Amino acid sequence: MENFDYDLQSIQETRELARAGKAATDILAGYNAEQIDKIVQNMVRTAEVNAAELAALAVEETGFGKTQDKIFKNRLASTELYESIRDTKTIGVIREDKTNQLIEIAEPVGLLMGIIPSTNPTSTTIFKSIIAIKARNGIIFSPHPSAKKSIMRAAELMHAAAVEAGAPEGIIGCVTKPSMPATQELMKCDEIAMIIATGGSAMVKSAYSAGKPALGVGPGNVPAYIERTADIPKAVANIIASKTFDYGTICASEQAVIVEECIRPQVIAEFERQGGYFMNQEETAKVASKLFVKGHAMNSRLVGRSPQVIAEAAGIQIPAGVKVLLGEQQGVGEKFPLSYEKLTTVLAFYTVQDWREACDLSVGLLRNGGIGHSFSIHTQNHDMVMEFAQKPVFRILVNTGSTQGGVGASTGLAPAFTLGCGTWGGSATSDNVGPQHLINIKRVAYGIKDCTAQSPDSVSSPQPPKQQEDALLLNLVDELMSILQKSGDS
């Protein structure tokens, strides 16, 4: 009975948040660019000031990742994001084509629903709040239950900052009693115009099944290929920095390292020198048995954890100072558990003979749970990059850590914590999601071609050449007879 009452209260709260959010969104739709920028700037300042508090709260509540790295993520989701989107046109006339006399006008999509994961709770909440307001939309968050305090706090701060700068009350809301019935209710609420889902595959699939527009993202399972021309020390340093960033909680982090046989000894030595520990077959099996539950679903207790925590849980001994655990795998699929996504400090390690074998293996790994997301390559050969650019993935990250590269921290990609996987990965977009995905575009189109001459009423059907000659002759005969008749009358 107690759970039943909780669910009812949760559903009722959801409905009230949706009604208030819709009313506020209708008001916000009338704001101009100057008003919106003032609000967004205040939200960015607030996120910056509270970045450390929110990071510490997220780590304390979930146990995932590192406080310092979460501070970085909070700033990327606010200050760096703003620098990227500041000049993005999302209000009024956004494009005018004088040649074709076409005018494009941006309109908000309406009230959004934001689904937030436990791995990146505060940064994703900040990110979605800012891009929603930038596009003149309100947003209601459905938090992951294990991160509800940190998500609620981030949402409260974003709402207070927005209202302080002139936004209507209720423009950003968050469910305080999260439950599956409440999430499903919010997905189907008439007030919700679009869903932005970041989380597990089941949640994303549910969002796409809600009967309304949705932007969802899938898992990563990113392969990292160290090609024979790579700068090996730099490649290894980038991979370790990426995989240990927030202890691997970002879906763009590397999941498997692929090396060619001819450079295998150098790569292994470099990993060991920089803090990698290569587990033997028995240790790999023990770690894999603890990492996964119910097949290849990850054990939440080991998400975003240090190698030391994972080693202790698996009952193995590792040297002091280890930064990442590596386990050799001979294939992909059920018999090779490390071939699946691992949002923690564990990497699969593969050896291949050449780039063609690396290519086939990479595709296999992507199809094993990361299709469309990201691929990392370390090479000095541009032609090799373009070979791999033909594969079923939308982010090809070159000579950089895939975590920082995928979210736009070390590359020219747009800063984002919602990374689309395209139709290959079941997503509606292949982009790093931004405010440009949260607007409708209306078009004013002037007539530039005269189509009246094509009207059946104004143009007779064309005649064959012989018929045209006969008609001309008859006209001449008629004119001659008319002249003779007039001569006779006179």
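Predicted model: local features only at pLDDT ≥ 70, side-chain atom pairs only at ≥ 80, totals over all residues.
**Reading burial, charge pairs and backbone angles**

Biologist: Which side chain meets that of arginine 95 in a salt bridge?

Modeller: Side chains of opposite charge can pair when their charged atoms come close. A salt bridge is counted when a side-chain nitrogen of Lys or Arg is within 4 Å of a carboxyl oxygen of Asp or Glu. Here the side chain of arginine 95 meets that of glutamate 104 at 3.3 Å, N to O, and glutamate 104 is buried, with a relative accessible area of 11%. Both residues belong to a network of salt bridges that links Arg95, Asp97, Glu104 and Arg443.

Biologist: How many salt bridges does the structure hold, and which side chain meets that of lysine 70 in one of them?

Modeller: The structure holds 18 salt bridges, and one of them joins lysine 70 to aspartate 246 at 2.8 Å, N to O. Lysine 70 is in helix 4 (residues 67-85), while aspartate 246 is in the loop between helix 9 (232-244) and strand 9 (254-260), so the pair ties together parts that are 176 residues apart in sequence. The helices (H or I, at least four residues) and strands (E, at least two) are DSSP runs, numbered from the N terminus. The side chain of lysine 73 also meets that of aspartate 246 in a salt bridge, at 2.5 Å, N to O. Because lysine 73 lies in helix 4 and aspartate 246 in the loop between helix 9 and strand 9, this pair ties together parts that are 173 residues apart in sequence. As for burial, aspartate 246 counts as buried at 0% relative accessibility, lysine 70 at 2% and lysine 73 at 1%.

Biologist: Which positive phi does arginine 136 have?

Modeller: Most residues other than glycine have a negative phi, and most peptide bonds are trans. Arginine 136, although not a glycine, has a positive phi of about 65 degrees, and it lies in the loop between helix 5 (121-134) and strand 4 (139-143). Lysine 294 likewise has a positive phi, near 50 degrees, in the loop between strand 11 (292-293) and strand 12 (297-298).

Biologist: Is asparagine 137 buried or exposed, and what does its side chain reach at 3.0 Å?

Modeller: Asparagine 137 is found in the loop between helix 5 and strand 4 and counts as buried at 0% relative accessibility. A polar contact is a pair of N or O atoms within 3.5 Å; within protein, one must be able to donate a hydrogen and the other to accept it, and residues adjacent in sequence count only if both atoms are side-chain atoms. The side chain of asparagine 137 reaches the backbone nitrogen of valine 109 at 3.0 Å, and a polar atom of that side chain lies 2.9 Å from the backbone oxygen of leucine 438.

Biologist: Which residues of helix 12 are buried, and what covers them?

Modeller: In helix 12 (residues 307-314), Pro307, Ile310, Ala311 and Ala314 are buried. They cover an arc of only 100 degrees around the axis, which puts them on the same side of helix 12; the arc is that of the directions from the helix axis to the C-beta atoms. Their cover includes helix 11 (281-291), strand 13 (324-328) and strand 14 (346-352). Just after helix 12, glycine 315 takes a positive phi of about 75 degrees.

Note on methods
Residues numbered from 1 in each chain as written. Heavy atoms only, no water. Buried < 20%, exposed > 50% of the residue type's maximum accessible area, 1.4 Å probe, protein only. Contact = heavy atoms within 4.5 Å.
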